[in-house]
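Q: I'm new to reading protein structures. Could you walk me through one, feature by feature?

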Amino acid sequence: MPPSPKPSTLPSPRRPLLNKLLLAIAGFSFVGFADSAYLTADHYLALPLPCSILHGCDIVLRSAYSMIGPIPVAMTGVAFYLVVLFFVLYLYTADTLEKRLVYALAGLGTIGFAMSAIFESIQIYLIHALCQYCALSALSSALIFISALWLSRAARKGA
Amino acid sequence: MQRKQEVWVVAIFAVVVVVAAIGAAFLSGNAGSTSNFKATTVPAVTSADHIRGNASSTVSLIEYGDFECPACGAYQPLIQQLLQQYGDRVEFAFRNFPLYQIHPDAMISAQAAEAAGLQGKYWEMHDLLYQKQNEWTAASPDTVVSKYFDGYAQSLGLNVARFDADIQSAAVKQKVQDDLGTGNAAQVDHTPTFFINLTQIPNPTSYAAFTQAIDAALASSTAVK
C-alpha cells in the first residue's frame with residue numbers, strides 16, 4: 001500500500017474509534033439541536049411557559065439574558081448544533097480525515113462549551129434560577145467538547 | 001459512496017422531522033404545559049371572589065394567577081380580549097396564587113390588589129399591576145409598596161394611607177391565604193392555571209385555543225357554574 005500523500009490526513013477506512021467518536025458527537029449535537037429548536041419555537045410560536053413552583057424556566061427564558069440583541073440565545077444554539085452536526089457528518093463521510101479539520105471541530109466544541117458555561121453561570125449567579133432545557137443543552141455541549149478533544153487526541157496519535 | 005449518501009439523507013431527514021414535529025406541536029397548540037396536566041377541580045365562585053363579566057352566566061372561567069409571574073402578564077391581553085368577546089356570556093374570576101417560593105414580590109402584590117379591592121378598585125389595580133409588571137418586579141418586597149404600589153394607588157384615586165394599612169391587615173393576608181389554599185387543594189403548581197366550569201384546562205397556547213375551550217363550555221348543555 002502506498003503511503004498517504006498528505007501526512008496530515010488519516011487513511012480511510014479509519015480506525016473504528018474515530019468513527020465512533022464522530023457518531024457520538026453527531027448524536028450529542030442532534031440532541032442539542034432538538035432542544036434548542038424547541039426553545040426557539042417556544043420563543044416565537046407559543047405563550048410563555050407557565051411560572052412553576054418546580055423550576056425556574058420561565059424566569060430564565062424571559063430574562064434579559066435570554067436575548068443577544070434581537071436574537072434569542074436558543075437560536076444561537078440551533079445554529080451551533082447544526083454547524084457541528086453537519087461538520088461532523090462531513091468528517092465521517094470524507095475519504096480522508098484531515099487533522100486540521102479535527103482540530104477545528106475541537107475548537108468549535110470548546111467555544112460551544114465555553115458559551116454554555118457562561119450561560120449556566122448567568123443562571124446560577126445572576127438570574128438565580130435554572131432551566132432544565134438549558135441544562136440539557138449545556139450537557140450536550142459538554143459531551144461534544146469532551147468527545148471532540150478525545151477525537152483530536154486520537155487523531156494526533158493516528159488512532 | 002452509497003453509504004455516504006445514506007448518512008447525509010438520514011441526517012437531513014432527522015433534522016427536518018425534528019423541525020416539523022416541533023412546529024406542528026406548537027402550531028396545533030399542544031406543546032408546553034400539558035405534560036403534567038391533571039384535570040383537577042376548584043370550589044365554586046362565591047361572593048368572596050373577584051368577578052367580572054356576566055356573574056349570572058352558566059359558564060365560569062377562573063384564573064389562579066401571580067402578579068409577578070411573566071406568563072400571567074403575557075396572558076393578560078388574551079384575558080382582556082376574552083372579556084370583550086365573552087363578557088356578556090361568561091363569568092371571569094381571579095384567585096391569588098402567589099408563587100412566593102420563586103417570586104419575592106408575589107405575596108405583597110396580591111395583598112396590594114386585595115387592599116385596592118377594599119376601596120372598590122380591585123380590577124383596576126389588578127390590571128395596573130400586570131401592565132406595569134416590568135416596572136415593579138425588580139424592587140424588593142420591603143420597598144415595592146412605597147416605590148411603586150402607593151403611586152399606583154394614588155393614580156387610581158385610592159386613599160393611600162388606608163391602602164398601606166390594608167395591605168398589611170390580617171383580613172387581606174387571610175384572603176390571599178384562602179385563595180392559595182383552594183389552589184393548593186386543587187394541586188395547582190403553576191401560574192396561570194385556568195379552570196372552566198371549575199375544571200382545570202391545559203393552558204391554551206393561543207387565543208383561538210382559548211375561545212375553542214370557552215365555546216365548547218358554552219355549547220355544553222351540562223355546564224355547571
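Q: What should I know about the model and its numbering before we go on?
A: This is a predicted model, in which local features need pLDDT of at least 70 and side-chain atom pairs count only at pLDDT 80 or more, while totals for chains, interfaces and linings use all residues. Residues are numbered from 1 along each chain as its sequence is written, chains are lettered from A and ligands numbered from 1 in the order in which they are written, and side-chain values use heavy atoms, with hydrogens and water left out.

Q: How many helices and strands does chain A have, and in what order do they run?
A: Helices (H or I, at least four residues) and strands (E, at least two) are DSSP runs, numbered from the N terminus. Chain A has five helices and five strands. Starting at the N terminus, the order is β-α-β-α-β-β-α-β-α-α.

Q: How much of chain A is buried?
A: Of the 159 residues in chain A, 49% are buried. Ser116(A), in helix H4 (residues 99–127) of chain A, is a handy example: it counts as buried because its relative accessibility is 11%.

Q: Which residues does Ser116(A) contact?
A: "Contact" means heavy atoms within 4.5 Å. If you set aside neighbours within four places in sequence, Ser116(A) touches Ser137(A), Ala138(A) and Ser141(A). For chain A as a whole, take the contacts between residues at least 6 apart in sequence: 78% of them join residues at least 24 apart.

Q: What is a salt bridge, and how many are there over all chains?
A: Side chains of opposite charge can pair when their charged atoms come close. The rule used here is a side-chain nitrogen of Lys or Arg within 4 Å of a carboxyl oxygen of Asp or Glu. Over all chains, the structure holds seven salt bridges. In one of them, Glu98(A) pairs with Arg100(A) at 2.9 Å, N to O. Glu98(A) counts as buried at 19% relative accessibility, whereas Arg100(A) is exposed at 58%.

Q: Which parts of chain B does the pair Asp49(B) and Arg95(B) tie together?
A: The closest N and O atoms of this salt bridge are 2.8 Å apart. Asp49(B) sits in the loop between helix H1 (2–27) and strand E1 (50–53) of chain B, and Arg95(B) in strand E3 (residues 90–96) of chain B, so the pair ties together parts that are 46 residues apart in sequence. Asp49(B) is buried at 11% relative accessible area, and Arg95(B) counts as buried at 3%. Chain B also has a salt-bridge network, which links Glu114(B), Lys175(B) and Asp179(B).

Q: Can you show me how to read a helix?
A: An α-helix has 3.6 residues a turn, so residues three or four places apart point the same way. Now look at helix H7 (residues 160–167) of chain B, where the buried residues are Phe163(B), Asp166(B) and Ile167(B). They cover an arc of only 100° around the axis (taken from the directions from the helix axis to the C-beta atoms), which puts them on the same side of H7(B). That set packs against helix H3 (106–117), helix H4 (122–131), helix H6 (144–155) and helix H8 (170–185) of chain B.

Q: Which residue forms a salt bridge with Asp166(B)?
A: Arg162(B) does, with the closest N and O atoms 3.5 Å apart. Both residues lie in H7 of chain B, four residues apart, about one turn of the helix. Arg162(B) counts as partly exposed at 41% relative accessibility, while Asp166(B) counts as buried at 14%.

Technical notes: Buried means under 20% relative accessible area, exposed over 50%, partly exposed in between (1.4 Å probe, protein chains only).
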